[in-house]
Amino acid sequence: VSERKTSYLRSVLDSVPPYRPGRKVVGPDGRSAKLSSNESPFGPLPSVRRAVADAAADLNRYPDPAAAALTAALARRFEVPAEHVALGAGSVGLLQQLLEAVAEPGAEVVYAWRSFEAYPLLVGLSGAASVQVPLRAESHDLDALAAAVTDRTRMLFVCNPNNPTGTAVREAELAAFLDAVPDHVLVVLDEAYREYVRAPQVPDGMRLYRDRPNVAVLRTFSKAYGLAALRVGFLVAHPHVAEAVRKTMVPFAVNHLAQAAAVASLDAEQELLERVDATVKERERVRDALLADGWTVPETEANFVWLRLGEDTLDFAAACERAGVTVRPFAGEGARVSIGLPEDNDAFLAVARAHPRRH
Ligand code: PMP
């Protein structure tokens, strides 16, 4: 096969970073703790499995393209009109739909960095330009984000809590920021980890978007609801945004099994939120143990912790792998470690304790 670049491929592909999901590794004792993708460590509830199995009877039919039952269930759950709700194949699917709807050539998309890895990837693919604003003390620097907005800015992402640092911006600051952002910018509040938030000062985007037509809220069934494999996320925004996002969805992107599982998960929400409570408890235990051992760990409102390891990052990740623990390293910066079941977290804590250096 010729190495020569084919002229029909867009040159933007050369500069798009690959998405590298964490892989599973097995430790010497056969144990495996996958703490690299911020997944729920809990398998599906029996009622959700049943809903998926029942839905499988209709695999020969296309799914409901409007996902009417799920849309209605979400509207009820969040007390919003159904026309404010749009669905996508995970919240990454919705991010791509949003970019498709908003990002013309020459458009700029502003977001904090480091943040969710899919942002540069999807913005790059859309042909828009990423404007990355450094975090300050591991948190969003809202003043610097506001200052980065230009006439060409069309979208601005606020990941709250932020992946990978776990930090969250507060209501007063965020509300003032949203009021200052000009109308030609759509602000996307990415709340993939919202259910894990416990600090009362951290705002609920569902409240913030109501008086603000240029604010959209992104949520997912992948984390707290435990449906990462099924790929279903939702957006809540004013009807003009929701409608645009419905138009840019690949037809039938949210399949029938995913719709059924999501409806069943909303029906079983209390049980799922108890699992979230258990994860939050573990999060506090893990962070307290790290702090007691001399590590510096930012306060986290998500289902992961962030270790700023700097140049030590890859050595630390390799030590984790040798023990059967996968974390998500960002070379030269740090490692994000998801909160798993207690025994997984203990395996990680043992590696951290044995590590020769504290950061
Ligand atoms: N937003 C953030 C901040 C995330 O961390 C993730 C998942 N890692 C997503 C969105 C995407 O989740 P999904 O596509 O599974 O809904």
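Trainee: What should I know before I start?

Mentor: This is a predicted model, so local features need pLDDT of at least 70, side-chain atom pairs count only at pLDDT 80 or more, and totals for chains, interfaces and linings use all residues. Residues are numbered from 1 along each chain as its sequence is written, and side-chain values use heavy atoms, with hydrogens and water left out.

Trainee: Which residues does UniProt list for the domain?

Mentor: Residues 34–342, in an unreviewed UniProt entry, as "domain: Aminotransferase class I/classII large". UniProt positions follow the numbering used here, feature names are shortened, and annotations may be inferred rather than shown by experiment.

Trainee: How much helix and strand is in 34–342?

Mentor: That stretch is 39% helix and 17% strand. Its end C-alpha atoms are 13 Å apart. Helices (H or I, at least four residues) and strands (E, at least two) are DSSP runs, numbered from the N terminus.

Trainee: Now the helices. At what angle do H3 and H8 pack?

Mentor: About 100 degrees, with the axes 8 Å apart. H3 is residues 90–102 and H8 is residues 239–247. Axes are lines fitted to C-alpha atoms, for helices over the stretch in contact, and angles run from 0 to 180 degrees between N-to-C directions. That makes H3 roughly perpendicular to H8. The cut-offs: under 35 degrees is roughly parallel, over 145 roughly antiparallel, 65 to 115 roughly perpendicular, and the rest oblique.

Trainee: Which residues make the contact?

Mentor: H3 brings Leu-94, Gln-97, Leu-98 and Ala-101, and H8 brings Val-241, Ala-244 and Val-245. Contact means heavy atoms within 4.5 Å. By class, six are nonpolar, one is polar and none is charged. Ala, Val, Leu, Ile, Met, Phe, Trp, Tyr, Cys and Pro count as nonpolar, Asp, Glu, Lys and Arg as charged, and the others, Gly among them, as polar.

Trainee: Switching topic. How many cavities are there of 30 Å³ or more?

Mentor: Two, from a search of the whole structure. On a 1 Å grid over the protein atoms alone, a cavity is a set of points where a 1.4 Å probe fits but cannot get out; a pocket is an open set with protein on both sides within 12 Å along at least five of seven lines; lining residues have an atom within 4 Å of a point. Points are joined across faces, edges and corners, and a volume is the space filled by probe spheres set on them.

Trainee: What lines the largest cavity?

Mentor: 13 residues, with Gly-43, Pro-44, Tyr-225, Leu-272 and Arg-275 nearest its centre. The space is about 50 Å³. The second largest cavity holds about 30 Å³. Its lining includes Leu-272 and Arg-275.

Trainee: And what is the volume of the largest pocket?

Mentor: About 470 Å³. Of its 20 lining residues, Arg-20, Glu-117, Arg-328, Pro-329 and Phe-330 are closest to the centre. Strand E11 gives the most to the lining, with three residues. The lining has eleven nonpolar, three polar and six charged residues.

Trainee: Last one, backbone. Which peptide bonds are cis?

Mentor: Trp-113 to Arg-114 is cis, with omega near 15 degrees. Arg-114 sits in the loop between E3 (108–113) and H4 (118–126). Asn-163 to Pro-164 is also cis, with omega near 15 degrees.

Trainee: What is the phi of Glu-79?

Mentor: Positive, about 55 degrees, although Glu-79 is not a glycine. Glu-79 lies in the loop between H2 (68–78) and E2 (85–88).
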